[in-house]
Amino acid sequence: MKPIQRWAVLIGVNQCGYDLQLPPLRYAESDARAMSDVLLDREVGTFDPGDVELYVGAKATWRDIKRRLRELTLDAGPSDVLLVYFAGHALRPEWSSQPDAYLVTADLDPDALLSEPDNGLRMAFLKRDVFEAFAGTSFLILDCCHAGTYLDADLRHAEAMQTYRTQVDRHSALMACPKGSAARESEEHGHGVLTHHLLRALNGEAADGNGRVSFAQMATFVAEQGIQPPPVQLVQMWGPTTVLTQPPVPRHDRRPLSAPALAGTSRPCKNPLDDLSSSISQLLGRLFRSEALLAPRARQAVEATKAEVIRYALDAHSVAVVDFSPSGIRAMSFTSRFDKDELHPLLELSAADATLARSSSPGHVVSDDAGRRVLCVRLPSPGRPHTLVIVDPALAALDMGEPLAVMLEAVWSSGLPDDPLLTEMQVMTALRTSFGRMPSSLYEHAFSLYQKLIDSMTVVFQPVVELDVRAAGVCIHSYEALARRRENESVAPVTALQMAHAWGDRFIIERDGLLFAKAVDSYAKADAASPWEGTKPLSVNVAVRSLLSDAYIAQVARALTEADLKARTVTLEISEHDEIAPGPGEDWMQRPLTYFHQRLTALARRLRISFAVDDFGVGYSSLARMAELPLTQIKVDRAVLHHHLALEELGLVVQVARYASDRGDASSPRPVIVEGFDDDAPVPLKQIYDLGIHHVQGYFCGETASTSLRPLSPTDRERIAAMVRGER
């Protein structure tokens, strides 16, 4: 294994090249020497003699520096570290059309740059040929004067210079580059202002609890010293853990310092969102807890409100939804200051990029020489996709990159502003789906958010009707508990319920536990107020993964006790959408159906509760699953009714339901319940009844799903009996 290398290239130049009208500096060269001294210090330094290259005064020539940097770059391995420090002047030639810059070395000839632009230590060279090509972790510290192009008013944050418009992986930088020719040097301290605070940090003032100073701790310390304008930090991978100085330790006893700074700890692999967790949290706050969202909107269209919320959250000039059609550019919904004519050149570029990036990226950024920027986010829509256009968003927001586009697409596709809680959870789920593992703070926020979302739901009860040819025999057999966002809604909140599967077992189990507790509590109260004697059976949906969780089972038992509801009245319906199979890292010693059968049998004995198959005909439906599990009833999904072999499939289900009783293993067949029956069902109620299916659930009986329990009216009972007889 190749030994880990830690190199430092330190450059300091007081006198500035040939024929440059720049004032000489007093401390740049001594600053570079001081940095060398602290990095090589026998007690606190972490670099070895021979691995620190010092270029000062007349020896600081661009040819030698570039040659050495390329040698180090080409020789580097993934564990190696490179630190580049420069103190001196910077220059942007008047002929340059790009806001790139040269670090002024002792031999820089500005007249030669016009014909030979690579005859100098150019920032583009450092980024492209050194930092991007370096296999390990690299760091840059700039203590520059006359470098206004670095910190132009429109190039702040990560875009401190044009060459840093695209950040470099495994690279961190600290840049203090004030605009103007006045040198930021301190006669009192005998150093450049930035370097003075760097040396303070490295000598222990920025140390952690173990006395170590990482690049990130150093950069944070310097940024807190009140330098104006403040230096720019770009702290990327390993910036927080790469140690530059540490407490006195014998050099031969030091462990590799390119490893994380904390020993004896376990940490997950780097996640692309780890560096963005605080930015994402702040954006969520501006999106979902903002004045723009809370303001009165009675007269505003939903899309207009979304656009205004996004504009506020990104501190943008304006926002619009644009259709880039072959016939032209059309703004469909927009905030007040959006000017399509003024932005037409940028929008034309956006249209071209939107076509190229449509299948590869959720968004792209278009900018012009005047500093205007347009963030374009692809919006799925029927037919030709539309584009969300954000004009001049805050640059700090743009630094988020693709996660920002994913969040904005989710916001626009959601129910904002009518349901901000659901929308925020949809945004979190979009990040989860796109990027996988979430930083722990965002994961816990999502879990808390999902708890609130589920807890905000209402449970209604839909009757299961027992059929008969006589009106007197038609009655309500049982109820199914159904979750709704609001009591008067007839459609299930499928998006909210299914998003738990994107997050894994913890969310699924929490969802099912909360809904079960809410269902039995509400049912007990509704049953107490109902007009009949005795409690009718209740069905509650549950996922396979929840039934495998002891925590869920404990919550079921606790909820039944608190609601004072007999367990024998409750049936847990297992969705056929769920696979019966071991989860990640699990190993079942028996085949899945056998293992799950034994689990359900044990739970039935322990809780005195029943189980049923729900949604038969979709997902992981199988006759073996239906025949082998200890089920008390079988529910057939409404999709079966619309199949061209519906009667044959229903007949087969009836045969399976009778299998145990036909063998003498059960006293009666398991009931079959057809779900989702309504007036549009292509199979008549008489044919269903003639197959031996005497229980139907759906919007046909005159009683909609409700929080209260009511008997069927005589009129509805007679109408249903007539349908069973085939008279309607």
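Helices (H or I, at least four residues) and strands (E, at least two) are DSSP runs, numbered from the N terminus. The model is predicted: local features need pLDDT of at least 70, side-chain atom pairs count only at pLDDT 80 or more, and totals for chains, interfaces and linings use all residues. Residues are numbered from 1 along each chain as its sequence is written, and side-chain values use heavy atoms, without hydrogens and water.

The second largest pocket has a volume of about 1200 Å³. A pocket is an open set of points on a 1 Å grid over the protein atoms alone, where a 1.4 Å probe fits, with protein on both sides within 12 Å along at least five of seven lines; lining residues have an atom within 4 Å of a point. The volume is the space filled by probe spheres set on the points. Of the 46 lining residues, A492, L497, N541, D614 and D615 are closest to the centre. Helix α17 contributes the most to this lining, with six residues.

Five strands form an open sheet in the order β14-β13-β17-β16-β15, paired antiparallel. Pairing requires at least two DSSP bridges between two strands. β14 (328-334) and β15 (363-367) are the edge strands; each has a single partner, so one side of each lacks a neighbour in the sheet. Strand β13 (residues 318-325) is joined to β14 by six bridges. Within this pair, V322 has A331 of β14 as its bridge partner. Helix α12 (residues 402-412) packs on the sheet and touches β13, β15, β16 (373-379) and β17 (386-391). Contact means heavy atoms within 4.5 Å.

Notes
Axes are lines fitted to C-alpha atoms, for helices over the stretch in contact, and angles run from 0 to 180 degrees between N-to-C directions.
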